[in-house]
Amino acid sequence: MATLRLATSLYPEDTYSEHEAHSLMQRCVEEAWKSYEAGEVPVGCLYVNRFTKQVVASAGNETNETKNACRHAELVAYDYVYSTLASPKRESWFRLVQDLDLWVTCEPCIMCAAALKTLGFQRCVFGCRNERFGGCGTTMPIHELKSRDYRPLEVFAGFYEKEAIGILQYFYERGNPHAPPEKRKRPLKLVSCRPERDIGKNDAGKDDAGKDDAGKDDAGKDDAGPGATPETVATLRAD
Ligand SMILES: [Zn+2]
């Protein structure tokens, strides 16, 4: 299993109050449940303006509905961001994107992590790790790659991990109706992002984390601030 460097906090505490953080991740969880009800791998996300705290876009996975494996929640929501805020001036667009934080129940996959960096996003908060496809340290550290134009993607992992894992677990225990028969039910492996914490305990302000999904989706985290905990967690399952 990959080792993650974790930020000391579960979300950017210098930007969001405890109440705001809980409210935002609860909305992500609601989006994930909407995905579940639609027969999708249940992952939900929001793009939030870190200065105004406005939720600019929200979405869940749409891969099954569209039969398009690229329609992960992060990219679906990004389309809303683009259609709502797009500017003909590329520079101003980059500045606008830099003001947005991604909040998501599960670690962005390799594809989404690369897209986030390419588009200029700089920060992500997620619930649980994506053991199979995580692009924020679990399978590949896409978020840390540097280039002349793009800064590393700062990642906060483990907030609402229990809830994020719980939804995925519920989905997979029922059996993914879109997976091949031999893969519809598989055991869910649970590994916490924060091994020092009880994965079943989610308390306010300081807690939890998650997991991911099957075959199609995301999660993870990173960021290494002073005092970052070296090891990690993770979860997930398969399929
Ligand atoms: Zn993805």
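Before selecting anything, take one definition along: a residue is called buried if 20 or more other C-beta atoms lie within 10 Å of its own, exposed if 12 or fewer do, and partly exposed in between, with the C-beta atoms placed from the backbone. This is a predicted model, in which local features need pLDDT of at least 70 and side-chain atom pairs count only at pLDDT 80 or more, while totals for chains, interfaces and linings use all residues. Residues are numbered from 1 along each chain as its sequence is written.

Colour it by secondary structure, and you will be looking at six helices and seven strands, where helices (H or I, at least four residues) and strands (E, at least two) are DSSP runs numbered from the N terminus.

Next, select the open sheet, in which five strands follow the order β2-β1-β3-β4-β5 with mixed pairing; two strands pair if DSSP finds at least two bridges between them. Its edge strands, each pairing on one side only, are β2 (55-60) and β5 (154-157). From one strand to the next the twist averages 15°, and for angles the axes are lines fitted to C-alpha atoms, for helices over the stretch in contact, with values from 0 to 180 degrees between N-to-C directions.

Zoom in on β1 (residues 44-49), which pairs with β2 in the antiparallel sense over five bridges; glycine 44 has glycine 60 in β2 as its bridge partner. In the loop between β1 and β2, select lysine 53, which has a positive phi of about 70° although it is not a glycine. Lysine 53 is partly exposed, with 14 other C-beta atoms within 10 Å.

Now move to the loop between β5 and α6 (161-174) and select tyrosine 160. Tyrosine 160 is not a glycine either, yet has a positive phi of about 65°. Is tyrosine 160 buried or exposed? With 29 other C-beta atoms within 10 Å, tyrosine 160 is buried.

Select α1 (residues 18-37), which lies across β1, β2, β3 (100-106) and β4 (123-128) and runs at about 145° to β1. Then select α3 (residues 73-85), where the buried residues include Ala73, Leu75 and Tyr78. Among the elements covering the buried residues of α3 are β1, β2, β3 and α5 (110-119), where contact requires C-beta atoms, placed from the backbone, to lie within 7 Å.

Methods: Contact = placed C-beta atoms within 7 Å.
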